[in-house]
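Hello,

Here is the structure we talked about handing over. Please open it first; my notes follow below.

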Amino acid sequence: MAYFNTLALGVCYYPEHWEEGLWRDDLRRMEENGISVIRIAEFAWNKVENEEGKFDFSFFDRFLDVVETTGIKVIFCTPTATPPAWLTQKYPEVLTVDLDGKKQHHGARRHYNYNSPVYREKTRIIVEQLAKHYGGRKCIIGWQIDNELNCVNSEFYADADHKAFRVFLKEKYKSLEALNEAWGTVFWNQTYTAWEQVCLPRHTMRDTSNPHLRLDSIRFFSESCIGYCRLQYDLLKEYLPEGVFVTTNGLFPHVNYRRMVEEALDFITYDSYPEFGLMEGADHLKDRKWSMNLARARGCGESFGIMEQQSGPGGWYNFRVAPTAKPGQIRLWTYQSIANGADFVSYFRWRTCLFGTEIYWHGILNYDNLDNRRLKEIRGIGEELKRLKGMAGSAYRAKVAILYDYDNEWDGETDVWHGPLRRHSHLGLFEALQKEHIPFDYVTVGPDMDKESLSRYEAVFAPHMTIVDPLAVQAISEYVAGGGKFIAGARSGYKDLNGKCPMAVMPVGMDQLFGIQILDFTAVMKDAPKVCGVMDGERLEMPLFHDILTPVSDSCQVMAVYDSDYYEGEAAVTRNRFGQGEAWYFGAAFSCETAKKLLKAMGIRKEAEKWTDVPSCCEIALRDGKEKSWLFVLNYENREVEIQVKKPLKDELSGKEYFGKCKLMPYGVLVFALKEVEN
Ligand code: GAL
């Protein structure tokens with residue numbers, strides 16, 4: 001269901017930070033500057049329950065009364081990210097505990113644990129009170145649960161968590177024998193003889209505890225987070241009028257967001273701070289890398305929005321300093337979100353706070369409260385969005401998918417072979433697809449990944465399917481048999497769902513699909529002589545790991561061989577004709593250069609080449625609406641670039657026609673209207 005009919009701009013506002021006399025003027029200025037939605041109350045528990053069980057709704061009643069004199073709409077938040085001091089003082093067991101057993105005390109945020117029975121009860125009470133009291137307010141269009149679940153901390157080791165972990169495991173394994181078997185506890189005499197002996201990971205000698213326990217513990221952290229979100233979602237839905245949405249803002253580690261959206265949200269919102277990519281130490285993809293996160297947000301459900309979009313320079317009192325967005329950059333990042341599928345963009349925050357931990361984290365306005373160039377830029381965006389009628393709810397167009405696999409991501413945290421490959425390949429693939437102008441989607445590996453969901457794509461990448469889910473293999477095989485192109489990287493197919501290695505030839509369960517066996521392999525050491533692949537006479541980088549491939553099927557063709565070492569001449573890349581399609585196996589991790597060559601060899605073409613030719617420093621994206629499509633061109637560089645427009649096209653933002661050789665200004669954005677919806 002689409003919750004936004006038109007692209008809307010919003011802003012995070014904290015009425016509790018300001019004199020009440022400022023509220024009216026702030027709201028007026030927001031409206032004048034094209035902001036039509038505010039998000040409020042996510043940390044303001046004491047404003048409603050300053051003493052246990054005593055509720056006073058007058059503060060937000062007064063504020064919402066003022067809001068209702070304007071046209072502004074509200075996203076109201078549950079305040080559970082910041083439990084009050086009275087609560088943590090009286091019930092210290094709600095405080096979160098880290099791996100070292102240290103409690104996190106009152107004074108910052110996110111200092112609670114999801115599994116504390118007391119905290120769950122206090123959550124239930126405050127959420128129900130808020131929903132009952134404010135739920136019917138006309139100005140409230142949606143609710144945000146908590147704030148950034150799993151941010152800062154995504155592992156929880158309080159007593160309540162250890163207990164809940166045992167419940168989770170009992171449900172999963174039914175018996176201790178089954179758990180011992182699944183975790184291979186016979187190794188190093190880890191065998192459990194009573195449930196009370198089973199705990200979340202704790203410090204062990206050289207921190208080498210059981211990897212299968214570790215994998216299940218991360219699955220449990222995700223379940224805990226989703227379960228806590230669902231507790232709030234179910235309560236809110238009991239009280240909220242039809243059509244009022246419930247979301248939360250992500251994306252953070254150790255949460256399966258696809259499941260969270262399915263089970264505990266109407267849609268996800270993402271907090272987009274591309275400026276992290278411009279801080280010292282960030283990698284070369286800089287702010288453009290945020291398109292990768294946006295693709296993840298898009299892959300979580302049918303639609304998504306941005307709850308916090310960077311509008312001012314970041315910085316906490318103990319956190320890295322960041323530069324101020326240069327003229328054009330807020331606009332660029334806003335369109336980066338929209339180009340990638342967001343239907344709603346809310347800036348963080350209206351005015352910079354004059355006190356507290358985030359005293360240096362700037363919003364749109366500075367401390368002085370004067371209109372400034374950032375507000376002017378946002379006002380301009382608001383004007384432009386009016387020209388993008390029909391875009392809200394339109395679909396992002398991608399013909400390539402990358403499988404997003406939570407089991408493998410989490411197992412990769414302890415798998416010294418596969419973990420580094422995964423990180424390298426996700427970046428390499430993203431960079432190649434960005435620079436080649438081939439938009440892609442992430443598709444989450446899970447029960448709803450089937451032949452149909454994959455068939456929308458011409459090609460599907462599974463960077464490293466180390467843990468093999470037989471259902472995923474079935475879906476992939478059907479997709480390939482039906483004509484799809486599938487490619488997996490090194491270390492695919494050597495673990496079962498417990499993260500254990502079956503006694504079978506690799507790629508386990510996928511030998512038919514790929515038509516190969518992997519009988520030898522090696523990790524690649526940094527200082528070892530470089531071994532490459534050779535494909536069509538061209539060198540192919542083969543980073544980090546080498547699977548040495550043995551074709552075993554007549555339909556399998558060797559596409560590249562290794563150029564040196566003891567496996568010189570052995571297969572490095574293979575292609576198996578399987579049904580109507582092709583299953584490729586690539587024996588290493590994907591670097592950008594290699595991924596580009598593989599895309600070419602697989603026949604995947606640039607998406608927008610019939611309309612434009614733009615330099616690789618620009619991002620290309622397409623959205624398909626009911627009546628027309630839009631082609632976005634985003635320039636991340638602080639310099640003018642030249643683009644080639646092959647057919648006369650109108651930029652909807654400026655109303656100008658483009659044809660032939662054209663200039664795109666520093667941080668410039670073009671949104672070309674394409675007359676017909678082209679598939
Ligand atoms: C976000 C958070 C906001 C604010 C912002 C700037 O992660 O949700 O509450 O802290 O960062 O630091």
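Start with Leu251, which sits in the loop between β7 (245–250) and α8. The peptide bond from Gly250 to Leu251 is cis, with omega near 10 degrees. Bear in mind that this is a predicted model.

There is another cis bond to look at. It joins Met506 and Pro507, and its omega is about -5 degrees. Pro507 belongs to the loop between β15 (485–488) and α16 (511–514). Then there is Asn189, in the loop between α6 (176–183) and α7 (211–239). Its phi is positive, near 55 degrees, and Asn189 is not a glycine. As background, most residues other than glycine have a negative phi, and most peptide bonds are trans.

Now the domains. The protein chain splits into three parts:

- domain 1 covers 8–95 + 112–153 + 221–390
- domain 2 covers 398–601
- domain 3 covers 612–674

The C-alpha centres of domain 1 and domain 2 are 38 Å apart. How much area do domain 1 and domain 2 bury between them? About 1600 Å², with 55% of it on carbon and sulfur atoms. On the domain 1 side, Arg288, Met292 and Arg296 lose the most area to domain 2. Together they make up 35% of what that side buries. By contact, 18 residues of domain 1 meet 15 residues of domain 2.

What holds polar partners across this interface? The rule finds two salt bridges there and nine residue pairs in polar contact, both residues at pLDDT 80 or more. On the domain 1 side, the elements that give two or more residues are α8 (257–264) and α9 (290–298). The largest share, five residues, comes from α9. By type, that side of domain 1 has five nonpolar, six polar and seven charged residues. Separately, the side chains of Asp448 and Arg258 form a salt bridge, at 2.7 Å from N to O.

Last, the ligand. Which residues surround the ligand? They are Phe43, Arg109, Asn147, Glu148, Asp271, Tyr273, Glu308, Trp316, Phe348, Glu358 and Trp361.

Over to you.

Best wishes

Terms used. Residues are numbered from 1 along each chain as its sequence is written. This is a predicted model: local features need pLDDT of at least 70, side-chain atom pairs count only at pLDDT 80 or more; totals for chains, interfaces and linings use all residues. Side-chain values use heavy atoms; hydrogens and water are left out. Domain bounds come from an automatic or database domain assignment. Contact means heavy atoms within 4.5 Å. Buried area is the accessible area (1.4 Å probe) that two parts lose on being put together, summed over both. A salt bridge is a side-chain nitrogen of Lys or Arg within 4 Å of a carboxyl oxygen of Asp or Glu. A polar contact is a pair of N or O atoms within 3.5 Å; within protein, one must be able to donate a hydrogen and the other to accept it, and residues adjacent in sequence count only if both atoms are side-chain atoms. Helices (H or I, at least four residues) and strands (E, at least two) are DSSP runs, numbered from the N terminus. Ala, Val, Leu, Ile, Met, Phe, Trp, Tyr, Cys and Pro count as nonpolar, Asp, Glu, Lys and Arg as charged, and the others, Gly among them, as polar. A residue is near a molecule or strand if one of its heavy atoms lies within 4 Å of it.
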